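Here are a few exercises to work through with the sequence and the model side by side. Try each task before you read its solution.

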Amino acid sequence: YGVKCSEMIRKPLGIENWADVSSANLIVGVRHPVEWFQSNYNYRVMLHHKDKSTSNIPSPHKLTDHHNCWHGVSTIAAQFDKYLQQLGKTPLDRDELSNLLDTLPTPDVRINHNPLKVFIYTIEQLEDTNTTRRTHFERDLQHFMGLTSPFDDFSSQAKSNVNKVTYPEYIDICQPEFDSLRKSLVKEGKKSSEWIVNQFVMAEDVVVSDVEYFREKLRAWGEDPCSVVREK
C-alpha cells in the first residue's frame, strides 16, 4: 500500500506521523522550478473551474512569499531544498538553518530525524528516451519499493491530470511578462539544486538511480528553460 500526496513533503508533522509506520519509506519527485510553477498554477486553475469556485484566481506575480501562497503554489514552495532539509537526513550549518527559518514561517519548520529511506528522482527519469537508463531506473525503484513484479514502461504510460480544455487564466511562463518571475525561480532553483546534488543525495538514507544523470538534470535548474526553448 502507499499514499500519494504532492503536499506531504511540505507538511513536516505529516512526515513525522508517517515515520511511525515501521515499513514506510518516502519517494520524492522533483522538477525544474519554472516548469513546476507553471504546471501547478495551471492545475489549480483547472480545479478552480472544475469545482466552480467563486473565489478570485490570484495573479502568479503575487505568489512570491509564504504570505501569498495559492493552494500550495508560490515561488517559496518551489524551493525544494527547504523542505528536504526538514527530513533530517543531512546536518545543517548555522547559515542553512538561518536561511530556512527566514524563508518559511516558523510554525511550518519542523526538522524530523527519522528512519525513513528516501528515493528521490527527477521527472526526466520517468520520461527518459534512453531505454537502458530508464529500465535501470524502473528496476531501482522496483527494488526500493520491494516489489516482485517489474513496472510497465513508464514512458508509455498515459499522464494523469492532463486536461485538454484550456482556461483564460492558464499561463505560458515563457512569455516576456513572466521574465522576472522566471528569474526569481531560476535564482533560487540554482541554490536548491546545488544543495540537493552536493549534500542531500550523499546522505546514507537517500537513494538515487543514476546519480550522475540526476545531477545533470538538477544543475539545469540554474538555467532558464525558456531560453533553451527559444534557441531551438
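**Exercise 1: the cysteines**

Cys174 is partly exposed, at a relative accessible area of 23%. On this scale, buried means under 20% relative accessible area, exposed means over 50%, and partly exposed is in between (1.4 Å probe, protein chains only).

Before going on, note that this is a predicted model, where local features need pLDDT of at least 70, side-chain atom pairs count only at pLDDT 80 or more, and totals for chains, interfaces and linings use all residues. Residues are numbered from 1 along each chain as its sequence is written, and side-chain values use heavy atoms, with hydrogens and water left out.

Task: find the disulfide partner of Cys174 and describe the bond.

- Step one: a disulfide here is a pair of cysteine sulfur atoms within 2.5 Å. The sulfur atoms of Cys174 and Cys226 sit 2.0 Å apart, so they qualify under that cut-off.
- Cys174 is in the loop between α6 (131–145) and α7 (179–198), while Cys226 belongs to helix α9 (residues 225–231), 52 residues apart. Helices (H or I, at least four residues) and strands (E, at least two) are DSSP runs, numbered from the N terminus.
- Step four: look at the partner's surroundings. Cys226 is buried, with a relative accessible area of 1%.

**Exercise 2: strand β1**

Task: work out which side chains of β1 are buried, and what the strand pairs with.

- Step two: find the neighbour. β1 pairs with β2 in the parallel sense over five bridges; strands count as paired if DSSP finds at least two bridges between them.
- Step three: pick out a facing pair. Val28 stands opposite Ile120 in β2.

**Exercise 3: the largest core**

- Step one: a nonpolar core is a set of buried Ala, Val, Leu, Ile, Met, Phe, Trp, Tyr and Cys residues joined through side-chain atoms within 4.5 Å. The largest has 48 residues, and Phe37, Ile120 and Phe200 are among those with the most contacts inside it.
- Step three: the largest share, six residues, comes from α7.
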